[in-house]
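Colleague: Please take a close look at one part of this model, the surroundings of the ligand. Which element gives the largest share of the shell around the ligand?

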Amino acid sequence: MLILTLSILFAALFASLPLWLPSAVLGLRMRIFTWINGAEGVAIPGKLVDSAQFRRLYSHPAANGRSRGAALSDLFWYWLSPGAELHQEHLEPGENYDEVARTTRRILGSISKKSTDELVATCVARAIEWKERSPRLVRLRDLMMPIWAEFYYTLVFGMRCPAVARDLIVGNADDVVTALKCCSLRHMGRRYRLTRYLIEQVELGAVSQPLPAHLSTRQQALYLQGTFFNTAVVQMSEAMVHLLLALAQHPQAQDRVATEGEDGEYLDQVIDESLRLYPLFGIAHRITTAEIDLDERTRLPPGSVLCFNYPTYHRLGFDDPEIFDPDRWRNCSRRDANYIPFGVTANRPCPAQGLAPITMKIATRAILRQYSLHSSASHTRSIPNRGPCLMVPRSRPLGRRARQALLLGIRARDRWEDVWRSIVQLILGTYMVWDARRLRLCQRYFEAADPSPQGAEESLRPLGGQRLERSAEGCPRAQ
Ligand code: HEM
């Protein structure tokens with residue numbers, strides 16, 4: 001009798017794992033991260049700064065330090081390596097940053113509206129042509145990455161992306177984002193292979209626009225790798241996963257998008273709602289370089305690490321903020337709402353905020369023209385499941401029963417995957433946070449650049465070309 005009772009209890013405990021284990025492990029992971037990493041930073045919105053001051057503080061001229069002086073930066077540099085010290089997002093303000101930012105804007109602006117339409121359509125067609133005949137279960141992120149790898153390759157090099165380059169770019173971007181989500185360790189070999197390829201291309205003069213002159217060939221390659229073949233590919237893929245998964249789980253919204261004309265505005269609202277509910281940045285941080293007065297009694301000292309929390313901000317001031325409701329944008333001013341999917345204009349906003357939504361619209365319409373999307377997988381901001389989704393050709397629709405059975409299968413698999421994935425994330429995440437603290441890539445970079453106490457002051461000023469020559473992590477040069 002006792003054995004039977006124990007067996008039943010054990011079976012019940014085992015069956016309930018998907019319901020409680022992933023969230024329990026997530027909580028434990030966050031506590032371990034804070035313990036290893038230190039509870040650094042001012043949470044915004046938070047006790048000290050409320051949502052009304054969010055934009056004002058984000059836009060403050062002294063909230064302009066990017067990497068130096070924050071333990072958090074060691075972690076970001078670890079995940080973005082090689083070349084995090086050359087990544088536009090992590091450069092300190094100054095002339096070198098300005099030149100890099102100008103180059104990015106020039107490359108992003110080098111394509112006309114008509115060519116953008118054609119290029120996105122071609123890249124999407126290449127990615128989905130083999131799936132046309134029968135329903136397929138896909139991971140949306142895996143489907144998206146080659147599309148954006150090809151698109152950004154063509155933008156940078158002005159020519160069609162060869163398969164070998166596409167595979168290198170996808171290998172690099174996928175490795176970065178998978179490590180960032182703690183689903184796997186870093187594989188530096190994959191990333192260095194892309195670096196070597198890019199060095200060769202830069203040496204051949206294959207880039208369509210002039211690159212920052214203060215950078216060496218290797219640095220130019222690392223800049224391209226960080227901004228276009230990591231950030232652009234990862235961000236576009238993730239934004240599209242959220243958008244398509246939201247449509248897959250809201251059939252009415254999907255039907256409206258699929259049936260409205262090319263110039264319809266509903267898709268804009270769907271994109272806004274998807275970016276509101278699932279902003280790509282969890283936290284963006286800044287390090288203050290001078291005192292900031294919050295009010296008569298509160299002053300933030302220089303060196304404060306400000307952690308701007310996007311998901312929290314995007315939920316304040318909206319009715320039913322957890323509900324996916326694109327219609328809320330019909331009469332809502334984006335400018336006045338607590339909504340900054342591409343950052344704030346006054347403080348280094350995303351340079352792709354014009355191009356990204358346009359390309360997302362073209363890709364979405366191209367996919368929905370051929371397929372209907374369905375999914376019962378969990379949809380969270382970090383989306384470690386890569387967006388499981390059933391794509392059904394519109395020319396060969398599935399019966400209701402068959403579709404429901406498949407959706408049941410997706411849900412069961414997804415919940416069980418969550419169990420083992422949460423444990424993997426706990427173990428690998430703890431190791432990577434510890435390893436990043438041990439390697440101190442960002443701290444060591446600035447120490448090497450400014451060994452003297454005065455140097456510490458100096459390094460808040462623009463970095464010189466020579467200093468940028470140092471690499472935070474020994475990336476092998478082209479052989
Ligand atoms: C829908 C897609 C995208 C979203 C939602 C997005 C969002 C953002 C946000 C919120 C920031 C500001 C973070 C901060 O304040 O620290 C940012 C910065 C940045 N983004 Fe994007 N991004 C997207 C696509 C892209 C693409 C396609 C590129 C390609 C070049 C790109 C390149 C950058 C760069 C270089 C920065 C740093 C800007 C600077 O510090 O000067 N992003 N992005």
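Modeller: The largest share comes from α10, which gives seven residues to the shell around the ligand. Helices (H or I, at least four residues) and strands (E, at least two) are DSSP runs, numbered from the N terminus. The model is predicted, so to speak of a local feature a pLDDT of at least 70 is needed, and side-chain atom pairs count only at pLDDT 80 or more, whereas totals for chains, interfaces and linings use all residues. Residues are numbered from 1 along each chain as its sequence is written, and side-chain values use heavy atoms, with hydrogens and water left out.

The shell as a whole comes next. The ligand is surrounded by 28 residues, each with a heavy atom within 4 Å of the ligand. The closest of these are Y58, Y97, R286, R348 and C350. Sorted by class, the shell has 19 nonpolar residues, five polar ones and four charged ones. In this sorting, Ala, Val, Leu, Ile, Met, Phe, Trp, Tyr, Cys and Pro are nonpolar, Asp, Glu, Lys and Arg are charged, and the others, Gly among them, are polar.

The space taken by the ligand is the largest cavity. Two or more residues of the shell come from each of the elements α10 (217–249), β3 (283–287) and α14 (355–370). A cavity here is a set of points, on a 1 Å grid over the protein atoms alone, where a 1.4 Å probe fits but cannot get out. A molecule sits in a cavity if more than half of its atoms lie within 2 Å of its grid points.

Now the iron atom of the ligand. C350 is its only protein donor, through atom SG at 2.3 Å. Donors are N, O and S atoms within 2.8 Å of the metal (3.2 Å for Na, K and Ca), and water is not among the atoms, so sites may look incomplete. C350 itself lies in the loop between α13 (310–313) and α14.

R348 is found in the loop between α13 and α14. The backbone of R348 has a positive phi of about 55°, although R348 is not a glycine. D320, too, is found in the loop between α13 and α14, and D320 has a positive phi of about 40° without being a glycine. D320 is exposed, with a relative accessibility of 55%; exposed means over 50% relative accessible area, buried under 20%, and partly exposed in between (1.4 Å probe, protein chains only).

For Y58 the distance from a polar side-chain atom to a ligand oxygen is 2.6 Å, and for R66 the distance is 3.4 Å.

Back to the elements that contribute to the shell, starting with α10. V233 is found in helix α10 and is buried, because its relative accessible area is 0%. The C-alpha atoms of V233 and A173 are 6.6 Å apart, while the two residues are 60 positions apart along the chain.

In strand β3 there is H285, which counts as buried because its relative accessibility is 3%. H285 and I44 are 241 residues apart in sequence, and their C-alpha atoms are 9.8 Å apart in space. I44 has a further feature: the peptide bond from I44 to P45 is cis, with omega near 0°. P45 lies in the loop between β1 (42–44) and α3 (51–58).

A cis peptide bond also joins S81 and P82, with omega about 0°. P82 is in the loop between α4 (71–80) and α5 (95–108), and Q88 lies in the loop between α4 and α5 as well. Q88 is buried, because its relative accessible area is 9%, and the side chains of Q88 and T104 are joined by a polar contact of 2.6 Å.

Technical notes: A polar contact is a pair of N or O atoms within 3.5 Å; within protein, one must be able to donate a hydrogen and the other to accept it, and residues adjacent in sequence count only if both atoms are side-chain atoms. On a 1 Å grid over the protein atoms alone, a cavity is a set of points where a 1.4 Å probe fits but cannot get out, and a pocket is an open set with protein on both sides within 12 Å along at least five of seven lines; lining residues have an atom within 4 Å of a point.
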